[in-house]
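Here is a short briefing on helix packing and nonpolar cores. Look over the sequence and model first.

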Amino acid sequence: MDDDRTGHWWAAFKASPFLPASVLVLILAAAAGLFAGSYTYAMADPTPHRVPVAVVGVSHQTVRGKAFAAGLEQKLNASLALSFEGTFARAAQAVEEQRVFGVIVVRGDDVTLYVSGASGASVAQLLSEAAPKVAQRVGVRLTVRDMKPLQRGDPRGLALFYITLAAVVIGFIGAVQLSVQAGALTAWQRIAFTAAYAALGGLSIVAAVDWGLGALDLPLLESWFILALTMFTSGMVFTMFNTLVRRWAMVPTWGLMVLLGNPSSGGAVSWPLLPSPLGTIGRWLPPGASINAQHTAVYFGGHQRLMPFLVLAAWALVSCTVFLIWRDRHPGPS
């Protein structure tokens with residue numbers, strides 16, 4: 001009799017809205033801890049992992065200059081990757097191409113450390129704080145300069161992270177709302193409307209941050225395209241998961257794009273300071289690819305790379321393909 005009652009109660013519970021509501025309570029509770037933990041893990045204690053720095057002027061005649069470079073490497077726990085350039089012009093070109101995060105120029109007992117705030121504010125701060133202590137210990141005269149400063153409206157270098165976060169979050173929230181409010185859309189109509197709100201949303205972000213607030217001077221067409229592609233990709237990632245796991249689609253979307261993608265993107269903490277797995281993974285996820293492309297567009301115009309766009313396009317293409325192939329599984333019509 002008790003087994004019958006238990007079975008009846010469980011059958012009634014599964015058929016009621018209380019089962020998904022209870023599961024959702026547990027998921028949200030876990031997500032809260034994971035959300036806080038993922039950002040804390042990535043940002044609470046950034047530790048350098050292979051920071052590329054160019055060195056100019058070091059030879060057998062510059063004993064103290066060599067000692068400074070070695071001392072700085074030791075101060076940062078052997079995490080510098082030093083490359084020796086023949087001229088400052090070549091070293092500066094390496095900064096523009098984002099192959100190094102700074103330049104050490106040695107002239108006898110005079111050392112100039114050129115940091116690049118635009119390459120990574122957190123790395124520039126780390127180098128600027130460590131260098132004076134090393135210079136004092138080895139006995140060289142040190143000058144620290146920022147050869148590629150951040151824009152005035154973005155002194156901490158976080159604006160690009162925030163606009164990318166906005167594009168990612170609004171991208172998949174838009175797809176959620178299309179499923180809820182416009183469930184009758186066909187598959188191709190859903191893709192078209194996702195592209196439409198992505199295009200308008202990207203322009204809206206540019207208008208708010210650049211034209212309205214003046215926080216960043218954004219290259220209009222390039223930044224708009226990157227934000228629109230990011231928003232479209234994020235929306236289609238949710239649509240793909242909505243096709244595969246239906247009502248639980250927000251769980252893998254949030255996990256991929258926010259819990260893993262944003263902390264590993266290099267936007268808040270530069271990749272050389274992230275834990276090694278995050279620094280590697282982040283480049284292949286939509287938020288990291290978006291920030292990479294946007295960062296180059298804003299601060300290193302003329303040196304844009306194709307890879308971030310290929311990463312975003314690949315995620316968008318795979319998401320669209322999965323959605324179209326298994327469209328019959330999607331809650332909306334095919």
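**Helix packing and cores**

H11 passes H12 in a left-handed crossing (left-handed: the near helix is turned anticlockwise from the far one by less than a right angle; right-handed: clockwise). The model is predicted: local features need pLDDT of at least 70, side-chain atom pairs count only at pLDDT 80 or more, and totals for chains, interfaces and linings use all residues. Residues are numbered from 1 along each chain as its sequence is written, and side-chain values use heavy atoms, without hydrogens and water.

**H11 and H12**
- The two helices (DSSP runs of H or I, at least four residues, numbered from the N terminus) pack at about 145 degrees, with axes 8 Å apart. Axes are lines fitted to C-alpha atoms over the stretch in contact, and angles run from 0 to 180 degrees between N-to-C directions.
- Pro286, Ala289, Ser290, Asn292 and Ala293 of H11 contact Pro308, Phe309, Val311, Leu312 and Trp315 of H12 (contact: heavy atoms within 4.5 Å).

**H8 and H9**
- H8 (residues 220-245) and H9 (residues 250-261) pack at an angle of about 145 degrees, their axes 8 Å apart.
- Here the crossing is right-handed.

**Nonpolar cores**
- The largest core has 42 residues; Ile191, Ile205, Leu216, Phe232, Met257 and Tyr299 touch the most other members. A core is a set of buried Ala, Val, Leu, Ile, Met, Phe, Trp, Tyr and Cys residues joined through side-chain atoms within 4.5 Å; buried means under 20% relative accessible area, with a 1.4 Å probe and protein chains only.
- H6 gives this core its largest share, nine residues.
- Another core, of 26 residues, lies apart from it and includes Val55 and Leu72.

Terms used
Buried < 20%, exposed > 50% of the residue type's maximum accessible area, 1.4 Å probe, protein only.
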